[in-house]
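Hello,

My notes on it follow below.

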Amino acid sequence: MASLHPTTAMLPHRHSPAPSLSASSLSWSAAIAVSRIPPARGLALHPSVPPPASGNRQSPVVCAAWTRRSRGEAEQRPNRKSWKQRTDMYMRPFLLNVFFSKRFVHAKVMHRGTSKVIAVATTNAKDLRLTLPSLVDDNACRTIGRLIAERSMDADVFALAYEPKKNERIEGKLGIVIDTIKEHGIIFV
């Protein structure tokens, strides 16, 4: 009446003696039974780790394993944003974006939450393109800064934020645009 299933093959029958576990047994129930056998007292797991003292049953290796952050803990919250990343969009909602090409200067003010454009100014516009002698010099940057400030105030926006890109300095033409916007009454936060 022996069953071929590995879990029932290891179970003792009513009239048969208890089966002995062999080293060549490949069933998962045999592996569980073997793993429950406590190791001998004098055995060390690694040659460099001394055996635990009789009064202290915890190994220093086991204590050190709990100090690291486990993978399961990292997988629970993989992309958790910081407080600043979560609230910056609401604390500083209007963002200034300035782009310099070889031929033109472009600037716009966007609302971060809705991605709506509040104010736009570019030297590629027809009225500026015909009146300015140069579309990329310092005078053009001052004109763009003045137009952005006026159009932002018309849209009831009095505070802007500018986030420089990595390794970007606020100097030169960019500094001229931002200084002109500040001179015309816009606060940078």
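Predicted model: local features only at pLDDT ≥ 70, side-chain atom pairs only at ≥ 80, totals over all residues.

T123 sits in the loop between β3 (117–122) and α6 (126–131). Its side chain has two polar partners to look at. A polar atom of the T123 side chain lies 2.9 Å from the backbone nitrogen of V105. The backbone oxygen of L135 is 3.2 Å from a polar atom of that side chain. Leaving out residues up to four places away in sequence, T123 touches F104, V105, L128, R129, L132, L135, A140 and I144.

Next, the salt bridges. The structure holds five. D88, R92, R112 and E163 are linked in a network of them.

E163 pairs with R92, with the closest N and O atoms 2.9 Å apart. This pair links distant parts of the chain: E163 is in the loop between β4 and α8, R92 is in the loop between α5 (83–91) and β1, and 71 residues separate them.

E163 also forms a salt bridge with R112, where the closest N and O atoms are 2.4 Å apart. R112 lies in the loop between β2 (105–111) and β3, while E163 is in the loop between β4 and α8, so this pair ties together parts 51 residues apart in sequence.

E163 is partly exposed, with a relative accessible area of 38%. R92 counts as buried at 18% relative accessibility. R112 is buried too, with a relative accessible area of 18%.

Another salt bridge joins the side chains of E150 and R146, at 3.5 Å from N to O. The two are four residues apart in helix α7, so about one helical turn separates them. An α-helix has 3.6 residues a turn, so residues three or four places apart point the same way. E150 counts as partly exposed at 36% relative accessibility. R146 is partly exposed as well, with a relative accessible area of 32%.

Last, helix α8 (residues 172–183). Its twelve residues should span 16 Å at 1.5 Å a residue, and the end C-alpha atoms are 16 Å apart, so the two agree. The buried residues of α8 are L174, G175, I176, V177, I178, T180 and I181. They pack against β1 (94–100), α7 (138–154), β4 (159–160) and β5 (187–188). Just after α8, G185 takes a positive phi of about 100 degrees.

Best wishes

Conventions
Residues numbered from 1 in each chain as written. Heavy atoms only, no water. Polar contact = N/O pair within 3.5 Å; in protein donor to acceptor, adjacent residues only side chain to side chain. Contact = heavy atoms within 4.5 Å. Expected span 1.5 Å × (residues − 1). Buried < 20%, exposed > 50% of the residue type's maximum accessible area, 1.4 Å probe, protein only. Salt bridge = Lys/Arg side-chain N within 4 Å of Asp/Glu carboxyl O.
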